[in-house]
Structures are given as structure tokens and as C-alpha cells.
Amino acid sequence: VNTDMETDQYPYNDEMEGMTHVYYIKWLDEVEYEQDEEGNYIHEWATEDLTSEEDTHWHIEPVKCGRYNVLACGYWDDYGNYLYGDGWDEAVQPCDAPWDLSLAEGVVLEFDYCAEIEAGYDFIYVEISDDNGQTWEPIWSYTGISPDCWTHVEIPIYSEDLSDQWLFRFRFVSDESGHSSGIFIDNVILEEIHADYVEPYD
């Protein structure tokens, strides 16, 4: 890094070596932008009910707190209330996974969430897998009502937790009694991190 200036207080900067981290967007939830021929928004999420063979309640909700086309787990009852049920255990993950992240220094998973779930009893988890979904490890969770309508989360995940068959998913679990309005997720981004070394120069 050339810092040969009269006002430079630290001459050793002329010989400085450094490392910069370069972030590549590996995956981006673009449900707000892509539409099919009939004008319906396309989403690339695969859902799974971990308690039975029934369809899950993960879906794209048109509007929530000023956001459009957000990922949600819940349903509308006959009285116009948005709710979730008892004893749910349901997961959702991107369709185009797994990814080969074996050469990455790490990844950062970002998303916004809005939670209205029973504190201490019902939970939203982020889970990761390094073996194409054979086993899962929780790395983040939340229970209760989120402090803001939308709360931003950034989760750094380091190389020891990555592989050539890597996945992440959101998992919503409720107990057998009591429920509220559910969980909503938006702006999901997975960024791959690599380290590029900058050679010193005069």
C-alpha cells in the first residue's frame, strides 16, 4: 500500500501487507422479482413436514408489515386470523442446494424475521447440514415476539462447518398447546467468503 505522503505519520505503512475478504453472493431469495408466465411470483423453497406425510404450512405470504411476498409458516382461519397450530415441526430450505463450499473460508447467512410465537414453548431455528441433509445442527434460534416488526440477522459460519454437500434450512417447532400468529422471513442471502491476499508495493 503506497502511503508516501508528507502528512503520513507512520512510514511503515509503505511496507504494509494486508488481507481483504471478498464476499460473493452464493444464493439470493428473489421471490419479489421473478414471475412465471401467469404473473405468479416464483419461489425456490422446498418444504418438509417432519411429523407426517402431510403438506407443510410454509408458503409465500403476500404482505406482512410493509413487506411483500415473504416466507411464512401459518394459515388463515375462517375468521380472518393468521395462526399456526399445535405440534408443528416443519422445515423449509432452498431448492437448488446442496452447495459445494469446501474451498470457502466461510459464509454469512443473512435474513430478516418477524416472529409472533409463544415465548419459551415455540421456536424458529436455523439449521445447517454438511452431509446433504442426513444430519442437521441448529446454529440460531428465537422464541417470543420480535422487538421490531422486522429484525435483521447475520450469522457467520466458518470453514470447519462447511463441506461440498452443504445445506441450510429454517425449522419451525410448536408445542402441543397455545399458539400465536407465526413466523415470517424475508431477504434471505447466503454470501460466500474468500480471502484474497494483497501483495505489498512501493
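Guide: Start with D89, which counts as buried at 14% relative accessibility. Buried means under 20% relative accessible area, exposed means over 50%, and partly exposed lies in between, using a 1.4 Å probe and protein chains only. This is a predicted model, where local features need pLDDT of at least 70 and side-chain atom pairs count only at pLDDT 80 or more, while totals for chains, interfaces and linings use all residues. Residues are numbered from 1 along each chain as its sequence is written, and side-chain values use heavy atoms, with hydrogens and water left out.

Visitor: Which residue does D89 form a salt bridge with?

Guide: R171, with the closest N and O atoms 2.7 Å apart. A salt bridge here is a side-chain nitrogen of Lys or Arg within 4 Å of a carboxyl oxygen of Asp or Glu. D89 lies in strand β7 (residues 89–94) and R171 in strand β12, so the pair ties together parts 82 residues apart in sequence.

Visitor: Is R171 buried or partly exposed?

Guide: Partly exposed, at 21% relative accessibility.

Visitor: Why would such side chains pair at all?

Guide: Because side chains of opposite charge can pair when their charged atoms come close.

Visitor: Which residues are linked with D89 in a network of salt bridges?

Guide: E127, R169 and R171. R169 also has its charged end over the ring of W136, 4.1 Å from its centre. For that label, NZ of Lys or CZ of Arg must be within 6 Å of the ring centre and within 35 degrees of the ring normal.

Visitor: How many salt bridges are there in the whole structure?

Guide: Six. One of them joins the side chains of D112 and R67, at 3.2 Å from N to O. That pair links distant parts of the chain, with D112 in strand β8 and R67 in strand β4, 45 residues apart. R67 also forms a salt bridge with D186, where the closest N and O atoms are 3.0 Å apart. D186 is in strand β13, 119 residues from R67.

Visitor: Are those residues buried or exposed?

Guide: D112 is buried at 8%, and D186 is buried at 2%. R67 is partly exposed, at 22%. R67 also lies over the face of W150, at 4.7 Å from the ring centre.

Visitor: New topic. How many helices and strands does the protein have?

Guide: Zero helices and 13 strands. Helices (H or I, at least four residues) and strands (E, at least two) are DSSP runs, numbered from the N terminus. Of the 202 residues, 41% count as buried.

Visitor: What about the core: which residues touch the most other members?

Guide: W58, F111, I124, W166, F170 and I185, in a largest nonpolar core of 36 residues. Such a core is a set of buried Ala, Val, Leu, Ile, Met, Phe, Trp, Tyr and Cys residues joined through side-chain atoms within 4.5 Å. Several strands each supply at least two residues of this core, including β3 (58–64), β9 (123–129) and β12 (167–173). Strand β8 gives the most, with five residues.

Visitor: And what does I185 touch?

Guide: Not counting residues up to four places away in sequence, I185 touches W58, V70, L71, F111, D112, Y113, I124, W150 and F170. Contact means heavy atoms within 4.5 Å. There is also a second, separate core of six residues, which includes V70, A72, C114 and F184.

Visitor: Where is C114?

Guide: In strand β8. C114 is buried, with a relative accessible area of 3%. The C-alpha atoms of C114 and I183 are separated by 6.0 Å, although these residues are 69 residues apart along the chain. Leaving aside neighbours within four places in sequence, the contacts of C114 include K64, C65, S146 and C149.

Visitor: Last one. How many aromatic pairs does the structure hold?

Guide: It holds 15. Rings of Phe, Tyr and Trp (its six-membered ring) pair if their centres lie within 6.5 Å; planes under 30 degrees apart count as stacked, over 60 as edge-to-face and the rest as tilted. W166 and F168 make a tilted pair, 6.3 Å centre to centre with 45° between the planes. W166 is buried at 0% relative accessibility, and F168 is buried at 0% too. Both belong to one aromatic cluster, whose members include W99, F111 and Y113.
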